[in-house]
Structures are given as C-alpha cells and as structure tokens.
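Hi,

Here is the structure I said I would pass on. Have a look, and my notes follow below.

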Amino acid sequence: MIEVRNLYKSFGDKEILKGVNLHLREGENLGILGKSGVGKSVLAKCIVRLIEPDYGEIKVLGKDIIRMKESELNKIRRDIGYLFQGGALYDSMSVRENLEFPIRRTQIASQRSEVDERVEQSLRSVGLLDAIDKMPSELSGGMKKRVGLARALILKPKVILYDEPTTGLDSVTSGEISELILKVQEEYKASSIIITHDMKCAKIATNRIKIIMDGNFKAEGTYDELSRSTDKEISAFFI
Amino acid sequence: MKEVKNTNNITEKKPFKRKSAENIRNFYNSMFIDLGELFLFSVQVFKQFFSRPYEHKELLKQLYITGNKSLGLVAITGLIMGLVLTMQSQPILVNFGVVSLIPGMVSVSMFREIGPVITALICAGKISSGIGAEIGAMKVTEQIDAMEVSGTKPLNFVVATRVLATTIMVPLLVFFADACGLVGGYFGMNIFEKMNFQLYMTTAFDMLEFIDVVPATIKTVVFGFFIGLIGAFKGYKAGLGTESVGVAANSAVVSASLAIFVIDLVAVLVTNLLIRI
Ligand SMILES: Nc1ncnc2c1ncn2[C@@H]1O[C@H](COP(=O)(O)OP(=O)(O)OP(=O)(O)O)[C@@H](O)[C@H]1O
Ligand SMILES: [Mg+2]
C-alpha cells in the first residue's frame with residue numbers, strides 16, 4: 001500500500017531522515033516507534049507530500065507520489081486519512097462542519113441526506129455523536145483527537161496515517177482510542193501506519209512494529225518479539 | 001558540524017563595515033526572494049479565482065467580515081480628513097478670494113488621493129494583519145496541512161475567497177470614505193460661513209472629472225488585491241511556533257502599507273503618461 005525507498009530529508013544542515021525504507025502491506029497496522037524528535041512526523045508528512053523529501057522514492061497505492069501533478073496528487077490524497085498530532089480541527093467550524101468539509105470540497109457526496117448520514121456514521125464510530133454541534137474550542141483533548149479521527153475516516157480512506165493518536169491522553173482514553181484504531185482496521189479494511197510512543201497503544205493496535213533511531217529503522221518485529229529483545233536501546237522502549 | 005562553527009567564527013571576526021554591508025545585501029537578497037515568492041503565490045491564487053468549486057458562501061462571509069471590520073473606522077477617518085482639509089485650506093483660499101473652490105478641491109483630493117490611500121492603509125492595518133494572523137494560526141496548528149492532505153485545496157477555499165473579498169470590498173470602502181470626506185468638508189465649510197448642502201454638493205461634483213475617478217478606482221482594486229494577497233502570503237509562510245503568528249500579522253501590515261505607497265506611485269506615473277498621450 002505504501003512503499004518508501006531510500007528516503008533522505010534534512011532541514012538546513014540537520015539530517016533527519018537518512019535512507020529510510022518502509023513497506024506497508026495491505027490490511028496491516030504498522031507501528032512506528034521512536035524517541036521524540038527523530039523525525040517520525042517528518043516521515044509521515046513526506047508520505048503525503050506535505051514535506052518535499054530531498055531524495056528517495058515514495059509510492060502510495062502503487063503510484064509515485066513525488067513525481068505527480070497537483071491535480072493527481074489531490075485525487076490520491078482522498079484515499080489517505082491523516083490524523084494530525086494536534087488534531088488540526090478547523091476551529092472556525094463546528095464539529096459537523098469539520099466533517100462535512102472534506103465531503104463537500106471533494107464533491108464526493110452531494111445529496112444532503114447522504115452527507116448527513118456519512119457525518120453521523122463517522123461520528124458514531126468514534127462515539128461522539130452528541131458533540132456534533134459543538135465548536136472545537138469546547139472539546140477536551142481526547143474528544144479533539146477522536147473528532148480528528150472521524151474526519152480522517154470520512155472519505156473512507158484506504159490508507160490511514162496516525163501521528164501519535166494517544167499522546168497527551170489518560171491511559172483509559174488512550175486504551176479506548178487504541179481499540180478504536182483496531183476497530184477501524186476491521187470496519188474500513190484499511191491499512192495503517194501508527195506513529196506512537198505509547199507502548200499500550202503499540203501493543204493493542206499494531207501487527208508489526210518498526211523502531212526508528214537516528215534517521216533510520218534499527219529494528220522490526222511484532223510487539224512480543226521486540227519486547228523480548230536483549231538490545232539495550234530497544235528494550236528501553238518496553239520498560 | 002565543525003565546519004559550520006568555523007564559518008561562524010569567520011563572520012564574527014569581520015570588521016563592522018563589511019558586516020553591515022553584508023547585512024544590507026542579505027536584506028535586499030531576501031527582499032527579492034520574497035518578491036519572487038509573492039509573485040508565484042499571486043499567480044497561484046489568481047488561478048484559483050477561476051477554478052472549482054466556487055465558494056459563494058465563504059466569499060459572502062469574508063465580504064461581510066472585511067466590510068464590517070473597517071466600516072466605522074473608514075467613516076470616521078474620511079469625515080475627519082474632509083473636515084481638516086477644508087479647515088486648513090480655507091484661510092489661504094480666502095486670501096486669494098477663491099473660497100468657492102473649496103468643495104471642488106475637497107472632492108478632487110478625496111477621490112484622487114486621500115480616500116484611496118488612507119482607506120487602503122486602514123485596511124492594511126485591520127484586514128491584512130487579520131488575514132495574516134488567521135492564516136498564520138491555521139498554518140501553525142496544521143489546519144492548512146489538514147486541508148491539503150484531504151485534497152480540499154486550501155489555496156482555493158481559504159486564500160482565494162479572502163483575496164477576492166478584499167479586492168471587491170476595498171474599492172467600496174474607498175467610495176464610502178470619499179463620501180464621508182465630502183460630508184466632513186461640508187461641516188468644515190460651515191464653521192466659517194453658512195453654505196447650502198445642495199449647492200456644496202453640486203459644486204463638489206462639478207469639479208470632478210472622469211480622469212479623477214476612473215484611474216483612482218482601478219488603483220483601489222489593485223490596493224484591495226494586494227491587501228488580501230500580502231496578508232494571506234505572510235500567513236501562509238508562517239513558521240512553526242506560535243510567535244510566528246504575530247510575526248505574520250506584523251509583517252503583513254508593514255509590507256501591505258509599503259505596497260500601497262509603491263502602487264500609488266506607479267498609478268500616478270501611469271495615469272500621467274496616459275493623459276499626455
Ligand atoms: N518544517 C520544519 N522545518 C525545520 N525543521 C523541522 C521541520 N519539521 C521538523 N523539523 C525538525 O525535524 C526534527 C524531527 O521532527 P519530527 O516532528 O518529525 O519529530 P517526531 O519524531 O515526530 O517527534 P515527536 O514524537 O515529538 O512528535 C525535529 O528536530 C524538528 O526540529
Ligand atoms: Mg511528531
């Protein structure tokens with residue numbers, strides 16, 4: 001679903017990504033673990049071309065994202081859901097308008113009833129139907145994350161990128177969100193990349209984990225495999 | 001890393017004169033880079049004016065916000081400008097015995113120069129900075145990225161609507177300011193001697209010619225475009241931290257004001273050239 005080859009990116013003289021390779025298989029939830037500031041968000045943003053990489057190859061759904069015209073890029077982006085680290089809700093719009101926005105702008109559904117149904121279905125699946133007429137400023141952090149998730153799901157994406165879906169939440173809520181990610185995987189038959197430092201989330205929601213250190217992936221395996229690792233740097237994540 | 005440190009030391013050891021010359025060169029370099037980027041940005045925005053989906057509702061909302069924000073301020077300044085203009089020139093014109101020229105003088109100077117420039121400057125302060133801060137905040141909180149990533153073309157929805165709104169609204173505000181200036185001029189006249197309002201208005205408009213109004217109106221359309229464009233551009237270019245929102249708003253006002261004077265100068269040169277032909 002996603003194929004990243006030999007990806008390089010630096011900001012100024014600071015090298016962030018140094019030849020990253022990544023392959024997301026169909027239907028899997030791939031976890032990416034790494035310390036704060038190693039470039040996890042940068043990698044995710046390169047995949048959707050919010051950041052232009054310096055060198056390398058990225059294929060999403062079989063198409064070369066980097067050498068793509070803007071109209072084509074916009075089309076393929078509709079098949080990618082992206083949950084931002086901070087939620088990134090449009091704060092001049094209500095929850096309903098936030099969810100309607102991508103539908104309306106991409107003209108995927110035009111009938112009023114169809115739009116309403118999609119919005120409600122999406123909100124129901126994150127358990128926030130009550131908050132439909134609230135403004136983002138009235139929501140708690142966890143609710144914002146969930147609305148962000150509902151918005152990421154609204155175009156029924158084939159690939160979903162979660163940038164730290166549980167950071168800053170209490171452990172009960174983050175457990176709920178991890179379950180939600182699992183539910184989404186089944187319900188939407190989507191393949192996902194889950195960036196996180198939350199081990200509970202990694203344990204619940206992922207099928208496979210890659211650990212990124214100093215600009216490159218250093219280890220790979222399932223949660224159980226990696227947690228049994230004797231390497232000091234890797235086992236440090238699992239304490 | 002080591003190499004970088006070394007070059008830093010070298011620049012620090014440079015004599016002051018060299019360094020300030022370098023600063024000036026850097027300033028001009030970055031100004032030209034900025035201008036180039038602004039040009040590319042304006043081309044992109046201009047394209048979005050004609051590309052689907054058209055956002056009538058958002059445009060109306062932005063028109064309302066733009067107009068509503070500065071209406072009061074524009075009215076008061078227009079009124080005061082007209083008033084001051086008459087009060088300042090009345091004693092001089094009395095000496096020459098041409099008091100009857102005052103209404104015409106007020107109307108010509110309001111329509112030609114004072115109305116457009118003062119209104120545009122107010123809009124630069126109120127609207128351009130507002131757009132810069134708003135879009136800057138959207139950029140910092142990744143809202144623009146979120147729109148980008150869902151293929152919803154933020155340049156079309158967020159930027160084009162705002163730029164179109166200022167392009168339409170600023171000329172209207174200028175006309176409103178001109179009208180308020182005329183009324184202010186009338187009050188000014190009445191401080192010294194009674195004058196009939198109808199007579200005042202007739203003489204004011206008698207002096208006004210095609211050449212006073214049309215180039216000025218075209219100029220205000222350009223003002224409006226750049227007020228929106230520069231605000232959006234600065235917001236769009238905002239960096240990562242929250243402080244960059246303030247920077248965006250601030251530099252929007254500075255650049256938009258500067259742009260207004262430059263456009264004004266160019267407009268005068270062009271009209272003079274056209275008149276001569
Ligand atoms: N647009 C940018 N311009 C300059 N530097 C950037 C930019 N984006 C990210 N960086 C730098 O790249 C590095 C990696 O950032 P990134 O946000 O990817 O970290 P992260 O792994 O997601 O960390 P966290 O877990 O805290 O979110 C940071 O040092 C950051 O300063
Ligand atoms: Mg991050």
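Gln85(A) is partly exposed at 34% relative accessible area (partly exposed lies between buried, under 20%, and exposed, over 50%, with a 1.4 Å probe and protein chains only). Bear in mind that this is a predicted model, where local features need pLDDT of at least 70, side-chain atom pairs count only at pLDDT 80 or more, and totals for chains, interfaces and linings use all residues. Residues are numbered from 1 along each chain as its sequence is written, chains are lettered from A and ligands numbered from 1 in the order written, and side-chain values use heavy atoms, without hydrogens and water.

An oxygen of ligand 1 is 2.7 Å from a side-chain N or O atom of Ser41(A), and one lies 2.8 Å from a polar side-chain atom of Gln85(A). A backbone N or O atom of Val42(A) is 2.9 Å from a ligand 1 oxygen.

As for packing, the largest nonpolar core has 78 residues, and Leu22(A) and Phe41(B) are among those touching the most other members (a core is a set of buried Ala, Val, Leu, Ile, Met, Phe, Trp, Tyr and Cys residues joined through side-chain atoms within 4.5 Å).

Cheers

Key. A polar contact is a pair of N or O atoms within 3.5 Å; within protein, one must be able to donate a hydrogen and the other to accept it, and residues adjacent in sequence count only if both atoms are side-chain atoms.
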